[in-house]
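User: I am new to this structure and would like to learn how to read its pockets and its chain contact. Can you take me through them?

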Amino acid sequence: MATQTQLRDALLAAIQTQLGASLPATTVWESRYTPHIEAEAVKELHIVAMLLDVSTEIIAREVDTDEYTIGLAVQQKVRDPQTGDVASYGDNVTACDELIGHVESIKSLFRGDGALRHQHLAGCYFAGLKHEMQFEPLHLAHYGVFTSIVEFTYRSEETDE
Amino acid sequence: MTRGPSPGAGAGLDSELYIRVGGTRAAPVWLRLARVGDVTIGGDKNSESFSSRESPTEKATFGTIKVPISFTYYRRQRFVDAVFNLLSRSHLENLELDIAAMDRPIAESGAVGIRGTYIVSKLERGEPINGTVNYSVELLESDSVDPDDNVTPISTSAYSIP
């Protein structure tokens, strides 16, 4: 099995182990290749792990640094795309702010002395995260889906050959 | 008119560095240094400038050539690293290392480079917070004699594989 797919699944499982009890019991944790688009598919909170980038940098004659980026999407329907109804989901900003809060709970596992900062997964170690897409505007405007994607970077650890 | 690709230059990745770990100087058994990054083989020539009425321009007199070897090394920390053990012994105990720096694998006919006897003069460890643990290594040529006869002085010189 490829390292990136093992890492994707291991990262999702590690975060679920840490946070599962503090998120709604109906939360769906899953690995996918693309985020959800249809609002009806994400009426409940979804945490979706996806493959993003892989890069290999040559640092010595027989040593490479492999860098893997795994995307973690926090997704939920916040507005009916047909009717524009937000009443069932509370004010749009309130619902989205709550979801941003869930994203920050995930990120805090990797900050400072966070539980997952030094945890090696699938033969890789944590090397940083980016949160450029705090929400995907097209998903929100057209589909009523709040999608926030955090990019986790992991690097391959030393192995015996 | 379409031009093809320009002739490129040799790749640093294809050069090779070796330490002799067995055999004799004439029939060496080499250990390849696979975990080296950027390698520099120095070539400064000692000189002294002088001026005389004979010439409107300054001249130089030349002496010996310095051939230090330096590189970045990525040590295996959790597994056996025979190369690092040799570098460390040389650094701590002045173990002399018979080194060959070639432009391609030493088993290939036509490989050219230099060969000399060196001692590790610097073994500096770096632990960058966002990078890989690495060692900055420097070797200087030692005042050595051929271990096969204990008499003939050795100097770094061109080395090639027929």
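This is a predicted model: local features need pLDDT of at least 70, side-chain atom pairs count only at pLDDT 80 or more; totals for chains, interfaces and linings use all residues.

Analyst: Residues are numbered from 1 along each chain as its sequence is written, chains are lettered from A and ligands numbered from 1 in the order in which they are written, and side-chain values use heavy atoms, with hydrogens and water left out.

User: How many residues does the contact take from chain B and from chain A?

Analyst: Contact means heavy atoms within 4.5 Å. Here chain B gives 20 residues and chain A gives 13 residues.

User: What area do chain B and chain A bury between them?

Analyst: Buried area is the accessible area (1.4 Å probe) that two parts lose on being put together, summed over both. For these chains the figure is about 1,500 Å², with 46% of it on carbon and sulfur atoms. On the side of chain B, the residues that lose the most area to chain A are B:Leu13, B:Arg76 and B:Phe79, together 32% of what that side buries.

User: Which residues form a salt bridge?

Analyst: A salt bridge needs a side-chain nitrogen of Lys or Arg within 4 Å of a carboxyl oxygen of Asp or Glu. The count between the two chains is one: B:Arg32 pairs with A:Glu62, and their closest N and O atoms are 2.5 Å apart.

User: Which residues of the lining lie nearest the centre of the largest pocket?

Analyst: On a 1 Å grid over the protein atoms alone, a pocket is an open set of points where a 1.4 Å probe fits, with protein on both sides within 12 Å along at least five of seven lines; lining residues have an atom within 4 Å of a point. The largest pocket has 36 lining residues, and A:Tyr125, A:Ser156, A:Glu157, B:Gly131 and B:Thr132 lie nearest its centre. About 1,100 Å³ of space lies in this pocket, a volume being the space filled by probe spheres set on the grid points, which are joined across faces, edges and corners.

User: Which element gives the most to that lining?

Analyst: Strands are DSSP runs (E, at least two residues), numbered from the N terminus. β4(A) gives the most to the lining of the largest pocket, with five residues.

User: What is the volume of the second largest pocket?

Analyst: The second largest pocket has about 300 Å³. Its lining has 19 residues, with A:Arg61, B:Gly12, B:Leu13, B:Ser15 and B:Val39 nearest the centre. β3(B) supplies the largest share of this lining, five residues.

Notes. Helices (H or I, at least four residues) and strands (E, at least two) are DSSP runs, numbered from the N terminus.
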